[in-house]
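Hi everyone, thanks for coming. Let me put it up on the screen.

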Amino acid sequence: MESIYQRCRDFAASFIAPYTDRTDSESRFPEESFKALGEQGLLKLLIPEAYGGFGKGLEEHAQACLAFAETCSTTALCYMMHNVAVMCLVTHGSEELKKRVFTDVVEHGKFLALAYSEFGTGTHFYLPEMTAVVSGDHTTFNGKKSMVTSASYASYYLVLAPSVEEGKINNWVFPLEAEGLSFEMSGWQGMGMRGNSSCPMRVDQVRLDSSYRIGAEGTGEEQVFQVVAPFFITGLGAIYSGTALHMFEVASGHAAGRKYPDGRSLSHIETVQVHIGNIYKQASAAKAITLEAARAGANGEADALAKILAARIFASEAAIECGRLSMRVGGGKAYNKALPLERLLRDAYAGQIMAPSADVLTIWLGKALTGQMIP
Ligand SMILES: Cc1cc2nc3c(=O)[nH]c(=O)nc-3n(C[C@H](O)[C@H](O)[C@H](O)COP(=O)(O)OP(=O)(O)OC[C@H]3O[C@@H](n4cnc5c(N)ncnc54)[C@H](O)[C@@H]3O)c2cc1C
């Protein structure tokens, strides 16, 4: 645990922290941090060693997302999506597709994104409405994706589209330069996660041959539930745990440093001590349950799914609660943006609505625990 987590913490201090304020205030994609992620090899964390990567899995994915989110939640979120897309290719991609994409990641620092959600089916992103018309070895796509993190910055986009097999879906890789692919770059006005560039993607007569499809015809749903779900949901648990830990650092540091004229600090006030204790309790519990979920998932344990769902729900709710308490500790200085707490609270609010939302996942958790089918 210590090496990947610590390595990513060190990376974040040097290559993410310097850009974090500007990323939020200008709603700017963290390009410099992503360039450094490529140069320092962290984009290839999950790529198998045979393709020049580090061959790591779910636990290291969680550790990296956690470490980055302790410095910048939005940069961590963009990175998390890249890892999820990479893992889909690792498990289901053809040899040819893996070579093509992984070479670009390993040698050229390119990265990936997920273009799944649509305006119509919203949080139920595994039910795409876009069209896919097959002619020989080629498929022509039309439609629109609603919120694509890293839009226009990523070089490859995983896209869910209907299969020719009734009721099934496929998972495709769309290269950025595919003719007919465009982004509505003014479409991101997020209250938080402002570096995400989560813009709508237009798919207008995009034509791809079958080498761009991940896995066999009609296996998209299997990929969503076997690969995307564990890596994405665990990754979100890690990001909101990291956000909550970041809140603890800022709130406790402020409580110790803010002095009254009599020389006493905020941290001498019992109510503030209670708030700091509650923030620590929630943030630490979120981290612990998330890392345990990642461990259980990596080892294929029977209760891994329940742990992963519980971790993600708990961490996103804990981050919002830690943000609420941190704002009380921070007072007027936090409200007036002298501290980054209001930014972290805005970032935290993405947790409950990102697909599958906390409400949907709570239902899934109940189903998993009572032995019923998900979704
Ligand atoms: C910061 C951020 C980044 C994102 N990045 C990406 C990305 O990179 N790629 C991508 O594909 N998508 C992305 N999304 C989109 C996202 O994950 C959701 O799909 C999208 O927010 C759903 O939007 P909607 O308003 O249509 O939700 P709706 O489907 O309208 O749902 C609204 C709310 O209703 C509730 N709800 C809906 N159905 C049910 C149900 N059956 N049971 C219980 N509650 C229900 C949910 O709690 C949900 O929060 C991103 C979103 C955010 C906030």
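So, let's start with the domains: domain 2, residues 115-217, and domain 3, residues 221-369, each give at least three residues to the shell around the ligand. Before we go further, keep in mind that this is a predicted model.

How many residues surround the ligand? There are 21, and the closest are Leu114, Ser117, Thr123, Thr149 and Ala355. If we sort that shell by class, we get 12 nonpolar residues, 8 polar ones and 1 charged one.

Which atom of Leu114 comes up to a nitrogen atom of the ligand? A polar backbone atom does, at 2.7 Å. Met147 also uses its backbone: an N or O atom there is 2.9 Å from a ligand nitrogen. With His124, it's the side chain, which places a polar atom 2.9 Å from a nitrogen of the ligand. As for cover, the ligand on its own has 990 Å² of accessible area, and the protein covers 70% of that.

Where is all this happening? The ligand sits in the largest pocket. Two elements give two or more residues to the shell: strand S3, which runs 138-148, and helix H12, which runs 358-369. H12 supplies the largest share, with 3 residues.

Okay, on to the backbone.

You'll find Pro356 in the loop between helix H11, residues 350-353, and H12. There's another cis bond from Ile374 to Pro375, and its omega is near 0°. Pro375 belongs to the segment after H12.

And what about phi? Look at Ser27: it isn't a glycine, yet its phi is positive, about 50°. Ser27 is in the loop between helix H2, residues 20-25, and helix H3, residues 31-39.

Key: Residues numbered from 1 in each chain as written. Predicted model: local features only at pLDDT ≥ 70, side-chain atom pairs only at ≥ 80, totals over all residues. Heavy atoms only, no water. Near = heavy atom within 4 Å. Polar contact = N/O pair within 3.5 Å; in protein donor to acceptor, adjacent residues only side chain to side chain. Areas by Shrake-Rupley, 256 points an atom, 1.4 Å probe, with all protein chains shown as cover. 1 Å grid on protein atoms, 1.4 Å probe; cavity = no way out; pocket = protein on both sides within 12 Å on 5 of 7 lines; lining within 4 Å. Sits in = over half its atoms within 2 Å of the grid points. Helix = DSSP H or I, 4+ residues; strand = E, 2+ residues; numbered from the N terminus. Nonpolar A, V, L, I, M, F, W, Y, C, P; charged D, E, K, R; others polar. Domains from an automatic or database assignment.
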